Amino acid sequence: MNKHTPGPWFVDHKSPFLVRAGDDIDGRHIAHIGPANYTPRFDVDEPNARLIAAAPDLLEALEYCLDCLGDEFALPSDCQSTARAAIAKARGEA
């Protein structure tokens with residue numbers, strides 16, 4: 001799988017909401033919430049955009065936590081498998 005676009009990602013509060021990568025408004029377009037000519041629903045679209053924008057940070061944090069814990073800590077098996085499944089899904093391996 002190709003690597004994802006590096007962060008930071010941020011929400012650009014245009015209509016419809018955009019998620020961009022980089023340090024400024026000219027950053028790479030990652031996603032937009034809603035089709036063209038769509039009236040944004042702030043109660044749903046803004047939280048979705050924030051979640052998408054946080055994805056690289058969430059993936060990195062989960063990988064870091066599993067790396068720090070290693071195999072010597074007794075995490076419940078369902079906890080480990082859930083975390084590893086989420087990482088595999090994010091990497092396109094599942």
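**View 1. Pro47 on helix 1 in the predicted model.** Pro47 counts as partly exposed at 30% relative accessibility, where buried means under 20% relative accessible area, exposed over 50% and partly exposed in between, computed with a 1.4 Å probe on protein chains only. Pro47 lies in helix 1; helices (H or I, at least four residues) and strands (E, at least two) are DSSP runs numbered from the N terminus. The C-alpha atoms of Pro47 and Val11 are 9.9 Å apart in space, although 36 residues separate the two in sequence. Because this is a predicted model, local features need pLDDT of at least 70 and side-chain atom pairs count only at pLDDT 80 or more, while totals for chains, interfaces and linings use all residues. Residues are numbered from 1 along each chain as its sequence is written, and side-chain values use heavy atoms, with hydrogens and water left out.

**View 2. The whole chain, with its elements and confidence.** The chain contains 2 helices and 3 strands, and from the N terminus on these elements run β-β-β-α-α. The mean pLDDT, which is the predictor's confidence in each residue on a scale from 0 to 100, is 82 for the chain, and 87% of its residues reach 70 or more. Confidence is lowest in strand 3 (residues 28-32), with a mean of 83, and highest in helix 1 (residues 42-69), with a mean of 90. Of the 94 residues in the chain, 24% are buried. The accessible surface comes to about 6700 Å², of which carbon and sulfur atoms hold 55%; these areas come from the Shrake-Rupley method with a 1.4 Å probe, and for residues only the protein chains shown count as cover. Among contacts (heavy atoms within 4.5 Å) between residues at least 6 apart in sequence, 32% join residues at least 24 apart.

**View 3. The largest nonpolar core.** A nonpolar core is a set of buried Ala, Val, Leu, Ile, Met, Phe, Trp, Tyr and Cys residues joined through side-chain atoms within 4.5 Å, and the largest one here has 9 residues, namely Trp9, Val11, Phe17, Val19, Ala21, Ala31, Ile33, Ala49 and Ala53. Strand 1, strand 2 (18-21) and helix 1 each supply at least two residues of this core. Ala49 is in contact with Val11, Phe17, Val19 and Ile33, when its neighbours within four places in sequence are left aside. In soluble globular proteins, nonpolar side chains tend to be buried together.

**View 4. Strand 1 and the segment before it.** Gly7 and Pro8 are joined by a cis peptide bond, with omega at about 5°, and Pro8 belongs to the segment before strand 1 (9-12). Most peptide bonds are trans. Asp12, in strand 1, is buried, with a relative accessible area of 6%. The side chain of Asp12 makes a polar contact with the side chain of Arg20 at 2.9 Å; a polar contact is a pair of N or O atoms within 3.5 Å, of which, within protein, one must be able to donate a hydrogen and the other to accept it, and residues adjacent in sequence count only if both atoms are side-chain atoms.

View 5. Leu59, found in helix 1, counts as buried at 14% relative accessibility. Apart from neighbours within four places in sequence, Leu59 is in contact with His4, Ile87 and Ala90, and the C-alpha atoms of Leu59 and Ala90 are separated by 7.4 Å across 31 residues along the chain. Leu75, by contrast, is partly exposed, with a relative accessible area of 25%, and is placed in the loop between helix 1 and helix 2 (77-91). Not counting residues up to four places away in sequence, Leu75 touches Leu66, Leu69 and Gln80.

**View 6. Cys65 and Cys68.** A search of the whole structure finds 0 disulfides, a disulfide being a pair of cysteine sulfur atoms within 2.5 Å. Cys65 is in no disulfide, and the nearest cysteine sulfur, that of Cys68, is 6.7 Å away. Cys68 is likewise in no disulfide, its nearest cysteine sulfur being that of Cys65. Cys65 is partly exposed, with a relative accessible area of 41%, and Cys68 is partly exposed, with a relative accessible area of 42%.
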